[in-house]
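Thanks, everyone. I will go through one structure today, starting with a pocket and then turning to the ligand.

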Amino acid sequence: MNDLLPGEIEVWQFVESTARTLFGRFGYGEVRTPMVEDTALFVRSVGEETDIVGKEMYTFEDKGGRSLSLRPEGTAPAARAYIEHSVSNQEPVSRWFYMGPMFRYERMKTGRYRQFYQIGAEAYGAREPAQDAELMDVVVQFLEALGLTDVTLNINSLGDDNCRPAYHAKLVEYLNAHREELCADCQQRLERNPLRVLDCKNEKCQAVAAAGPNVLEFLCEPCRAHFTDLQRKLGVLGIKYVVNHRLVRGLDYYTRTVFEFIASHPALGTASTVGGGGRYDKMMKGLGGPDVPAVGFAMGLDRLVLLLKEGGKTFTQRPDLFIAVADEGSQDAGLALASRLRREGLKVDFDTRGGSLKSQMKRADKSGARFTLVLGEQERQSGQAKLKPMAGGEPIPVALDSVAATVRAQPEAPAAAPAS
Ligand code: ATP
Ligand code: MG
């Protein structure tokens, strides 16, 4: 679990504010649910045989003897809230997004943490492929807005209750014939949840999976039509994608469409999936709610942040102005001037410790401020001071009562990198 301090948090804030803008444009409203839920919620939706529920949940008993879990993902809590508030009675289609911490007891590696952050979205009430396509479009536009272009969309269809059993039977038959080649985990998965074998990160298991039956060949007519139409709609939107028949995703609740966004940057290692999702038309009813279809996705913020940091852009906002005081008698005036300019909208740095002008000028340099203004007795009496451009150049005369306007009027010089 990580601490995020000033200096690092700015890139997170950039990702979060970009998400708010993008999801807002598409009509997705933000929901916030508690960090803890009844353990049973995740067992019933994510599935007992998944890694998440089987191995990764932080589960504990509260003082009332209830079994609670820190949420390992956001789809089940959102579905619970949707059911609990009878949202389907109020509107036929709802679009929600969420962002916040999730918890999984995983082995710590690059891009894999025990408290990590997800941004996700869910669209309830529409069965049509247009909804799947719209959701992928949000992600595509979100990644574009972040400037992350080296990401590939993989899509697949897992069919539904009608056609999946035949595929399932064929897969089990095939995997049983190759049992010896599978890792120990997958030999167990084969008994309890054979689809999970396709999701194994072990190379040998992947090789076995690659040569196995192709789920797309088993789709019934309605599922095939849904998947074909989805691809046509992605074409209409100009969204590039790859059909990957081995894509299953790590959760149990999906029907028909599943998808993943995979980055090719080496910094991520095996943690290259920045996000994914799919359709889960049966989950609401399975949780005791209305028969409402849904499609959703979640992205890992930690991984997006890693990619953005690799891009080398800086996200910290430097101060517009540093105010230094030339003598102790000007300390109060400096404090007051800083306060007034902040109220007027400038980002102002000021050394509350006072001290020598030399040490303040050092601080000014370090702060990365665009300008420094030295305030002494003479400036206070004349009402006139000078803005010293920290990137070099002639000082700019300024009246103390029009500092904000003067700073704003100066063209932004190419950013001098703030010293840290
Ligand atoms: P993986 O196959 O990489 O374990 P997953 O299938 O467990 O991923 P999801 O449950 O689909 O992941 O979560 C969606 C996204 O959340 C992932 O694509 C990833 O970006 C992020 N994520 C999942 N687990 C972690 C973690 N432990 N630390 C950081 N990010 C994570
Ligand atoms: Mg995982």
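What volume does the second largest pocket have? About 400 Å³. Keep in mind that this is a predicted model.

Of the residues lining this second largest pocket, 21 in number, those closest to its centre are Arg164, Asp252, Tyr253, Tyr254 and Thr255. By type, the lining splits into nine nonpolar, seven charged and five polar residues.

Which helices supply at least two residues each to that lining? They are α2, spanning 39–47, α6, spanning 164–177, and α10, spanning 283–286. The most comes from α6, which gives three residues.

Now to ligand 1. It is surrounded by 16 residues, and Arg104, Glu106, Arg112, Lys201 and Arg249 are the closest.

Last, confidence. The average pLDDT for the protein is 94, and 98% of the residues score at least 70. Residues 416–420 are a stretch where the pLDDT is below 50, and beyond near neighbours in sequence this stretch has six contacts in the model. Where pLDDT is low, predicted coordinates should not be read in detail.

That is what I have for today.

Definitions and conventions: Residues numbered from 1 in each chain as written. Chains lettered and ligands numbered in written order. Predicted model: local features only at pLDDT ≥ 70, side-chain atom pairs only at ≥ 80, totals over all residues. Heavy atoms only, no water. pLDDT = per-residue confidence, 0-100. Contact = heavy atoms within 4.5 Å. 1 Å grid on protein atoms, 1.4 Å probe; cavity = no way out; pocket = protein on both sides within 12 Å on 5 of 7 lines; lining within 4 Å. Points joined across faces, edges and corners; volume = space filled by probe spheres on them. Helix = DSSP H or I, 4+ residues; strand = E, 2+ residues; numbered from the N terminus. Nonpolar A, V, L, I, M, F, W, Y, C, P; charged D, E, K, R; others polar. Near = heavy atom within 4 Å.
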